[in-house]
Amino acid sequence: MAERKKNAKEFEKQGKKIMSLAKKQGLIAINNRTRFFVDGRPHRRWWFADKSNNLLISVEFGLCDDEAWAMLQRNTKI
């Protein structure tokens, strides 16, 4: 039970990190707020829009949490 709470907290922290990093890079982060499970871990789908012109710049099906974080870490737009 403690493991689930730990995973849930990490899941929420990761979402906040993705949102703040996207904001710093001038992007609008949009997520589906629905959790789906891959290998027993919850995931969300993320899309990003350019804040200056409000155009969606991410792929149609969205990026999973780990993919979104990696994209933002590279500091490149899709």
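Me: Is I30 buried or partly exposed?
Reply: I30 has a relative accessible area of 37%. This is a predicted model, where local features need pLDDT of at least 70, side-chain atom pairs count only at pLDDT 80 or more, and totals for chains, interfaces and linings use all residues. Residues are numbered from 1 along each chain as its sequence is written, and side-chain values use heavy atoms, with hydrogens and water left out. Buried means under 20% relative accessible area, exposed over 50% and partly exposed in between (1.4 Å probe, protein chains only), so at 37% I30 is partly exposed.

Me: In which strand does I30 sit?
Reply: Helices (H or I, at least four residues) and strands (E, at least two) are DSSP runs numbered from the N terminus. The protein has 2 helices and 5 strands, in the pattern α-β-β-β-β-β-α along the sequence. I30's place is in strand β1.

Me: Which strands stand at the edges of the open sheet?
Reply: The open sheet has 3 strands in the order β1-β4-β5, with antiparallel pairing; strands pair if DSSP finds at least two bridges between them. An edge strand here has a single partner, so one of its sides is left without a neighbour in the sheet.

Me: What is the bridge partner of N31 in β4?
Reply: β1 and β4 (residues 45–50) run antiparallel and are joined by 5 bridges. For N31, the partner in β4 is W46.

Me: How many residues apart in sequence are the parts tied together by R44 and D65?
Reply: A salt bridge puts a side-chain nitrogen of Lys or Arg within 4 Å of a carboxyl oxygen of Asp or Glu, and R44 and D65 form one, their closest N and O atoms being 3.4 Å apart. Both residues are buried. R44 lies in the loop between β3 (41–43) and β4, and D65 in helix α2 (residues 65–74), so the pair ties together parts whose separation in sequence is 21 residues.
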